[in-house]
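Please look at the sequence and the structure before we go through some local features together.

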Amino acid sequence: MADSFWRDRKVFISGVCGTVGRELLTQVLASGVSEVTGLDNNESELFFLEEEYRGDVRARFSLGDVRDRDTLTARIRGCDVVLHAAALKHVSLCEASPGDAIETNIRGVQNIIEASLAGAVARVLFTSSDKAVNPTNVMGTSKLMGERLMTAANASRRGETPVFVSTRFGNVLGSRGSVIPLFLRQIAAGGPLTLTDPEMTRFIMTLSEAVKLVMDSASLARGGEAFVTKMPVVRIEDLARVMVEECAPRYGYRAEDIEVRVIGSKPGEKLYEELMNVEEVRRAVELDRYFVVRPAFQSLHHDIDYTYPHTISDRVSNPYNSAVEPALSKEALRVYLRESGLLDVPRAPAGTTEPTGGA
């Protein structure tokens, strides 16, 4: 769907050293772009990434922070597409440092918008989160505000470009912020595996699915929407037990010897996640692989045609909520993890029993 859109484009990726940013870099380069500029504030990781791509003249890297609008303006100038993946993503850390969440997740988005307007790019895509829907914490609230800024930027633009759009991720399994690396370290240490509530459910997606969402959304965007991938739901207890059954033997343990300990929900943590709420259903469109939430406030200067290829229905009946969507069975989850390569990991370092909850 998206391949022809990317050919010969110049692309900017913020947060290029993150899990999603790295995969974006890989897939964007594979799609035939002419140039990619990657920006990150992690000097060491950026250095190693630059070494990894030294042989590809299309890949360029820059040290910088999305809090610095001048740096963004200089690096985005001349690009066609901006993919904004940089963010503070850990709920507990954002809760403890809300000012930093504001500076990166809200002001950083506005800086991206202003730099993109100054650079006259064609498309700007913001990677949001399921936690932006009816948020209960600082991180989710900051992501929701990022979506609102993108929609407002699209509504107030005077010309036909840039087109501003958001995507909402579920939990990207295997990413550094997901529960899988933590569960693996706990298994490697002999347990216990800690989870907050046996009834907790989450939407899940693989890294390749997350990046496909970004790339398809950029090509499909009309302006101001939020794209949501249709994705499976898991019970976190099932995920923990499947991982123990699959991974304990490789670390020299029997599955029955690894305790799964329930520690109770964390403050502000939902038992379920939402990717589309009741209010948004009224303005949602269902495609074959996605839902599209059209903006509540339409463009001030343009009549935008929100029609898409592969549309199933222009009416959606129910909110997209992990508490009401059917969860994968344990065996279906086991197959999903195996086929996604999420269990094909090297021996994890022992030494942590850090409590974890949602994916």
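This is a predicted model: local features need pLDDT of at least 70, side-chain atom pairs count only at pLDDT 80 or more; totals for chains, interfaces and linings use all residues.

Residues are numbered from 1 along each chain as its sequence is written, and side-chain values use heavy atoms, with hydrogens and water left out.

Let us begin with the rings. A pair of aromatic rings is described by the distance of the centres and the angle of the planes. Rings of Phe, Tyr and Trp (its six-membered ring) pair if their centres lie within 6.5 Å; planes under 30 degrees apart count as stacked, over 60 as edge-to-face and the rest as tilted. The structure holds six aromatic pairs. In one of them, the centres of Phe5 and Trp6 are 5.1 Å apart and the planes stand at 90°, so this pair is edge-to-face. Both Phe5 and Trp6 are buried, a term that means under 20% relative accessible area, with a 1.4 Å probe and protein chains only. Elsewhere, ring pairs join Phe203, Phe291 and Tyr320 into a cluster.

Two of these rings also carry a charge over the face, which requires NZ of Lys or CZ of Arg within 6 Å of the ring centre and within 35 degrees of the ring normal. Arg9 lies over Phe5, at 4.2 Å from the ring centre. The charged end of Lys230 sits over the ring of Phe291, 5.3 Å from its centre.

I turn now to the helices, which are DSSP runs (H or I, at least four residues), numbered from the N terminus; strands are runs of E, at least two residues. Helix α2 covers residues 19–30. Its buried residues are Thr19, Val20, Gly21, Leu24, Leu25, Val28 and Leu29. Just after α2, Gly32 has a positive phi of about 95°.

How do α2 and α9 cross? Their axes, which are lines fitted to C-alpha atoms over the stretch in contact, with angles from 0 to 180 degrees between N-to-C directions, come within 9 Å and cross at roughly 65°. Helix α9 spans residues 207–220.

Finally, Ser62 lies in strand β3, residues 59–63. Is Ser62 buried or exposed? Ser62 is buried, with a relative accessible area of 8%. Ser62 and Asn111 are 49 residues apart in sequence and 17 Å apart in space, C-alpha to C-alpha.

Notes
Buried means under 20% relative accessible area, exposed over 50%, partly exposed in between (1.4 Å probe, protein chains only). The expected span of a helix is 1.5 Å times one less than its number of residues.
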